[in-house]
Amino acid sequence: MSSLSARGIHAWFGKHHALEDISLDFAPGTVTALIGPSGCGKSTFIRTLNRMHEFIPSAAMAGEVLLDGKDVYAPGTDVTKIRLQIGMVFQKPNPFPSMTIGENVLSGLKLAQLKVDNKDDLLEECLERAGLWKEVKDRLGAHGGSLSGGQQQRLCIARALAVKPQVLLMDEPCSALDPGSTLRIEETIRHLSESMTIVIVTHNMQQAARVSDHTAFFLSDGGPGHMVEFAPTNEIFSRPKDKRTEDYVTGRFG
Amino acid sequence: MLSMTTAPAPREITTQPRRSDRIFRRVVTAGGLSSLVILSLITIFLAYRGFEVLRQEGLRFITSSQWSITTDDAGNVVESHFGLAAMLVGTILCAFIAVVIALPISVASALFLNFYSPQWLKKFLVAVIDMMAAFPSILFGIWGFLVLMPSAEYWAKILNHHLGFIPVLKIAPYVVTRSPFVAGVVLAIMIIPIITSVSREVFSQTPLDRIQAAYALGATRWGMIKAVVLPYGRSGVIGGAMLGLGRAMGETVAVFTVLNIVFQVNWHILLGAGGNVASLIILKFGEASPYEIKALMAAGLVLFILTLMVNAIADLIVKKTGKSGR
């Protein structure tokens with residue numbers, strides 16, 4: 001398993017300074033939750049980790065993201081290789097509508113021009129790990145759009161797993177889903193964390209408490225977003241060191 | 001005891017729109033129907049004026065290639081033959097060549113503008129392409145005549161020499177200058193702007209979350225375009241190509257300038273013979289007798305129907321292929 005560290009990350013959108021000096025270590029095989037009110041830069045932060053940040057015109061960043069000790073922003077880095085190692089699941093389920101369920105799962109192989117020996121095994125393995133195999137095994141040829149929202153999101157997780165990432169970033173993966181689907185995805189996350197490193201952004205405090213080992217609390221008080229506190233999840237929720245963290249996790253603001 | 005409950009009949013749901021809403025509704029309805037009215041009036045006019053010729057020639061009007069009229073000294077028609085076959089073949093051939101050449105160029109330039117070009121260059125190029133769309137077609141024709149024709153001969157000879165085994169590219173004598181190939185190239189340049197701007201528009205509407213999904217899976221830009229943008233934009237691109245095809249089929253002056261109008265069916269695109277319906281009309285209109293004018297009106301009607309048919313086919317294609325990528 002790979003280790004991932006952020007060192008002094010800053011982010012800008014044009015002149016707007018969105019994120020200030022974030023340093024975080026994600027230990028291999030753990031789940032780290034990023035919590036904080038809207039606009040505090042959580043999503044911006046995880047998008048700097050797999051270099052999705054740079055797709056926004058005028059976006060800039062400073063600092064280093066170290067994957068196994070190597071800076072992913074180092075000159076001459078093949079960004080597509082970085083994104084293969086650091087997968088991502090988005091807020092809104094986004095399967096490719098022109099592809100079937102099976103094609104969706106394996107789409108990453110085609111996109112990145114990877115070769116595998118046994119596609120059927122990989123397909124089953126990924127869907128199994130994403131907790132979707134039983135529901136779709138008889139209709140792998142159906143289009144991804146025919147699934148429910150929760151199933152689509154698990155399909156997206158299976159798709160991300162197919163290229164064998166070391167790290168999985170999840171940007172509010174359950175915010176568009178009902179409680180039942182949310183629970184299924186949380187089970188999946190716990191399962192996956194045995195074999196990979198996971199970073200999840202969430203607005204749902206219970207979710208952070210349920211799935212994560214560590215929690216980072218981000219906050220923007222008018223200025224750029226910064227990290228207030230980073231600690232084991234049970235400490236953040238039971239005895240936070242910072243008054244602002246306590247106010248937030250007890251629901252007094254945000 | 002069995003209790004019977006009958007479901008109530010559905011209520012009729014009505015609403016009383018406000019006066020302003022009713023007026024606005026009438027205004028937009030009038031606008032919406034006006035194109036239909038204008039189009040039907042033109043059709044009726046063409047059919048009415050061309051009816052006599054159509055009845056006399058029957059099916060020969062589209063199957064034969066003879067176009068001649070003899071009048072006596074008093075101006076009475078002695079003998080007449082009107083057949084459009086050569087012009088119809090020419091119309092389809094030139095327009096088809098144009099789309100085959102223009103489509104890849106347009107799609108490539110739309111992809112470049114959306115996904116590769118720096119912002120400043122994009123703005124500049126979009127302005128240039130829009131300008132190209134507004135360019136008078138006679139100027140394209142003159143350019144084709146003065147610049148393209150001399151060099152096209154060279155290319156046509158090469159095509160004939162190396163690809164002469166393909167029937168449509170084979171010519172016996174080298175009479176290539178005023179050929180459907182040259183006309184097709186001129187038309188291609190004329191329809192590139194419209195296909196480009198339609199393609200650019202649909203490509204730019206590709207949902208961002210799908211683009212990001214592809215990139216997040218380690219896709220290269222080209223991989224992302226193949227997996228996401230092209231499936232999404234396919235039906236729009238086909239629609240744009242059909243608009244271009246429609247314009248190419250109806251183009252008059254540019255074709256007239258570069259093509260030999262010969263009443264003989266010619267499938268050999270490098271051979272200097274052909275013509276299209278619209279250029280026939282402009283060629284004959286000035287000196288036509290009243291009876292020939294009727295024949296030209298009938299020709300216009302046939303062109304109109306041909307265009308409608310092409311559009312209907314395009315619609316069908318878009319409907320059949322459109323959904324899966326969306």
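Q: Is K164(A) buried, partly exposed or exposed?

A: Residues are called buried under 20% relative accessible area, exposed over 50% and partly exposed in between, with a 1.4 Å probe and protein chains only, and K164(A), at 46% relative accessibility, therefore counts as partly exposed. This is a predicted model in which local features need pLDDT of at least 70 and side-chain atom pairs count only at pLDDT 80 or more, whereas totals for chains, interfaces and linings use all residues. Residues are numbered from 1 along each chain as its sequence is written, chains are lettered from A and ligands numbered from 1 in the order in which they are written, and side-chain values use heavy atoms, with hydrogens and water left out.

Q: With which residue does K164(A) form a salt bridge?

A: A salt bridge is defined as a side-chain nitrogen of Lys or Arg within 4 Å of a carboxyl oxygen of Asp or Glu. K164(A) forms one with E125(A), where the closest N and O atoms are 3.3 Å apart. This pair links distant parts of the chain, 39 residues apart, with K164(A) in the loop between helix 6 (149-161) and strand 7 (167-171) of chain A and E125(A) in helix 4 of chain A; helices (H or I, at least four residues) and strands (E, at least two) are DSSP runs, numbered from the N terminus.

Q: Which residues are linked with K164(A) in a network of salt bridges?

A: The network joins E125(A), R129(A) and K164(A). E125(A) also forms a salt bridge with R129(A), with 3.7 Å between the closest N and O atoms, and because these two are four residues apart in helix 4 of chain A, about one helical turn separates them. E125(A) is partly exposed at a relative accessible area of 33%, and R129(A) is partly exposed at 26%.

Q: Which residues form a nonpolar patch on the surface of chain B?

A: Patches are made of residues with over 30% relative accessible area and no salt bridge, like charges being joined within 9 Å and nonpolar side chains (Val, Leu, Ile, Met, Phe, Trp, Tyr) within 5 Å. F135(B), I138(B), L139(B), I142(B), W143(B), F145(B), L146(B) and V147(B) form such a nonpolar patch, with about 700 Å² of accessible area together, as found by the Shrake-Rupley method with a 1.4 Å probe, where for residues only the protein chains shown count as cover. V147(B) lies in helix 5 (residues 137-163) of chain B and is partly exposed, with a relative accessible area of 44%, while L139(B), in helix 5 of chain B, is partly exposed at 39%.

Q: What radius of gyration does chain A have, and what would a compact globule have?

A: The radius of gyration is taken over C-alpha atoms, and the globule rule is 2.2 Å times the number of residues to the power 0.38. With 254 residues, a compact globule would have a radius near 18 Å, and the 18 Å of chain A agrees.
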